[in-house]
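Hi,

Here is the structure I said I would pass on. Have a look at it first, and my notes on what turned up follow below.

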Amino acid sequence: MLLGMRASRTLIPTLKETPAEAEVASHVLLLRAGFIRRVAGGLYTWLPLGLRVMRKIEMIVREELDRFGAQEIQMPVVQPAELWRESGRWDVMGAELLRMRDRHERDYAMGPTHEEVVTDLVRRTVDSYKEIPLNVYQIQTKFRDEIRPRFGLLRAREFLMKDAYSFHLGEESLERTYRDMYDAYTAILTRIGVDFRVVEADSGTIGDGESHEFQVLAESGEDLMAYCPDSGYAANVEKAEALAPELSDESPNPIEKVETPGVRTIADVASFLGLESARCVKTLIVRGDQVPFVALVLRGDHELNETKAGRLDAVAAPVTFAGDEEVRAATGCSVGSIGPVGLDLPVYADRSAAAAVNCICGANEEGFHLTGVNQSRDFPDARVVDIRNVVEGDPSPDGGGKLAFARGIEVGHIFKLGDKYSVPMRLALQDGAGTEASLIMGCYGLGISRLVAAVAEQCHDDNGIIWPAPIAPFDAHILALDYSRSDVAEVVESLYEECLDAGIDVLLDDRDERPGVKFAESDLLGIPHRITVGVRNLAKGLVEYGRRGESARELLAPAEAVDRIRSG
């Protein structure tokens, strides 16, 4: 990688004003600093400084994956539809999969991921169990047709991703590689220098086994994590288990029907009866898998976790709520009056709702509710399951304390795929005993371009980005406040050459611009070390040194500047 650049000869189109389309800090700053430019919704051109950041991340990724034995390959961006039809995902992926046809009317897709292609590769090239386990990766452009691309690189349609895939003949082998990739991702993010958490996650449509997300902490993050400050537990809210509450010693009351005219919502019921919403239960009607409709019962102060509900055998995935007319036809009443008692539908009750004593619910009759309802007595056939979102203060599933919440940006996700792709695509080998077995797989994704934005989202202040040193576009920024003067130019050029000789990436601002402009743009670019050469200090035989993000400044002899950069 080129070590030195001059600002006068480098494309760095900085902006003074915030672009109208920018929504979050990383988007604003990457545009203003001239790292990227928008082409269309969710599509960006990478400019020289932005590309340098991305390439440095790629270098770290390659070094760590190679260290753990992964092998780099390159697969095509455009993928034939027949592979996706083999796996059964051609229709499952929906509108995010950009489909096209070639001149021969054959179907293709722009690859959002490469499970099918890599499975096909292995079944065509691996002939012996002695070649297994195998772990291959690529750094490749992906395309997902987001319905509403937003937040710049954080929710783009086209993006650069590292995706790896491993193949095994047994669970122990998969587990070893899975832990290696877990450790590799941890090493990558640690080397980059960001604050991150690893959380248990749902596999979604990609996998069907264990999975973990790697989240860069940021207040603007779309993902909400539940974690225990007193233990190592952390999980995406979609995945975090909500434990059953402790049993109450309150005695059950007789069930009673009370008139509640015009009362429909949980808030209205609680207010009308003078009770907390936690004493109410709500019944939601969703489409079923084997039957038309299924009832889901939750405590009034809790929210349905659609990911958990979608995992229930009886519930159609993705979770789809019944319409008003469908609810009336299935239950004989409107949405605000439904309750689980006597309901002629399969009923699934969340653990907290099932544990509630003497609660209130709809009476399946307009204008009435039931009080004194207890699940074990009044709707005992309900299956008790975990279908709610955890809330702050819930007990941690590992018993280590109470849950707290934090927001993050998902930059990596690792999955145990099992035989989800190898069985339908007929990927099998004979093991050492001569028995044919389907290979099991792991999948490991890391968003390279998204990681650039996530770092900028976490590492910035009001003046611009503060790049961690390992991925900064340059190590040092030399500002010549009056380059046209021979004494300034002589010192600046000497410092520039010394940095190059010392292996220090350096950007020299040799432009004919006002000092205020140079300082502002230097802060915006976020390069870790800055050496300022100006007439006033140079008259004393000194230059100024500072670190991005710190207010302190030091005056040094020019001969000391390179050592100061090295010392950090």
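Let's start with glutamate 146, which sits in the loop between β8 (134-143) and β9 (158-168). Keep in mind that this is a predicted model. Is glutamate 146 buried or exposed? Its relative accessibility is 14%, and the cut-off for buried is under 20%, so glutamate 146 counts as buried. Leaving aside residues up to four places away in sequence, glutamate 146 touches Glu96, Arg155, Ala156 and Arg157.

Next, helix α2 (residues 48-67), which packs against helix α12 (residues 448-458) at an angle of about 115°, the axes being 10 Å apart. That angle makes α2 roughly perpendicular to α12, and their crossing is right-handed. On the α2 side, the residues involved are Val53, Met54, Ile57, Glu58 and Val61, and they meet Ile448, Ser449, Leu451 and Val452 of α12. Sorted by class, that contact has seven nonpolar residues, one polar and one charged.

α2 also packs with helix α6 (residues 171-192), here at an angle of about 145° and with the axes 9 Å apart. The crossing of α2 and α6 is right-handed. Which residues of α2 meet α6? They are Ile57, Ile60, Val61, Glu63, Glu64, Leu65 and Arg67, and their partners in α6 are Met181, Ala184, Ala187, Ile188, Arg191 and Ile192. This contact of α2 with α6 has nine nonpolar residues, four charged ones and no polar ones.

Cheers

Key: Residues numbered from 1 in each chain as written. Predicted model: local features only at pLDDT ≥ 70, side-chain atom pairs only at ≥ 80, totals over all residues. Heavy atoms only, no water. Axes fitted to C-alpha atoms, helices over the stretch in contact; angles between N-to-C directions. Helix = DSSP H or I, 4+ residues; strand = E, 2+ residues; numbered from the N terminus. Parallel < 35°, antiparallel > 145°, perpendicular 65-115°, else oblique. Left-handed = near helix turned anticlockwise from the far one by under 90°. Contact = heavy atoms within 4.5 Å. Nonpolar A, V, L, I, M, F, W, Y, C, P; charged D, E, K, R; others polar. Buried < 20%, exposed > 50% of the residue type's maximum accessible area, 1.4 Å probe, protein only.
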